[in-house]
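Please report on the packing and charge pairing in this protein.

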Amino acid sequence: MGETAFDGKAAEELGRILRYWGGNLKHYALQPGDGCDIYDSAYRTVGRWEIVQDATER
């Protein structure tokens, strides 16, 4: 996401995304295989997180 995204409020949108999904982590066991798409406030997919056994698995 560039700094001009979201009408120049990219940092604010990223903060909102991280707060929302950070709070949502309580719904996951956080074991290898867990993961989820990440959406912005317009419900567009902007990324994905996942737990892997080892970083070389990616």
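## Arg44 and Asp40

Arg44 is partly exposed, at 46% relative accessibility. Here buried means under 20% relative accessible area, exposed means over 50%, and partly exposed lies in between (1.4 Å probe, protein chains only). Asp40 is buried, at 3% relative accessibility. Arg44 and Asp40 form a salt bridge, with the closest N and O atoms 2.9 Å apart. A salt bridge is a side-chain nitrogen of Lys or Arg within 4 Å of a carboxyl oxygen of Asp or Glu.

## Model and conventions

This is a predicted model, in which local features need pLDDT of at least 70 and side-chain atom pairs count only at pLDDT 80 or more, while totals for chains, interfaces and linings use all residues. Residues are numbered from 1 along each chain as its sequence is written, and side-chain values use heavy atoms, leaving out hydrogens and water.

## The other salt bridges

The structure holds three salt bridges. One of them joins Arg48 to Asp37, at 3.4 Å from N to O. Arg48 lies in strand E2 (residues 45-50) and Asp37 in strand E1, so the pair ties together parts that are eleven residues apart in sequence. Helices (H or I, at least four residues) and strands (E, at least two) are DSSP runs, numbered from the N terminus. Arg48 is partly exposed, at 49% relative accessibility. Asp37 is partly exposed too, with a relative accessible area of 28%.

Arg16 pairs with Glu13 in a salt bridge, and their closest N and O atoms are 3.4 Å apart. Arg16 and Glu13 are three residues apart in helix H2, so about one helical turn separates them. Arg16 is partly exposed, with a relative accessible area of 26%.

## Glu13

Glu13 sits in helix H2. Glu13 is buried, with a relative accessible area of 9%. Leaving aside neighbours within four places in sequence, Glu13 is in contact (heavy atoms within 4.5 Å) with Phe6, Asp40 and Ser41. A polar atom of the Glu13 side chain lies 2.8 Å from the backbone nitrogen of Ser41.

## Nonpolar core

Which residues make up the largest nonpolar core? Its five residues are Ile17, Trp21, Cys36, Ile38 and Trp49. Helix H2 (10-24) and strand E1 (35-39) each supply at least two residues of this core. A nonpolar core is a set of buried Ala, Val, Leu, Ile, Met, Phe, Trp, Tyr and Cys residues joined through side-chain atoms within 4.5 Å.

Trp21 touches Cys36, Asp37, Ile38 and Tyr39, not counting residues up to four places away in sequence.

Notes: Polar contact = N/O pair within 3.5 Å; in protein donor to acceptor, adjacent residues only side chain to side chain.
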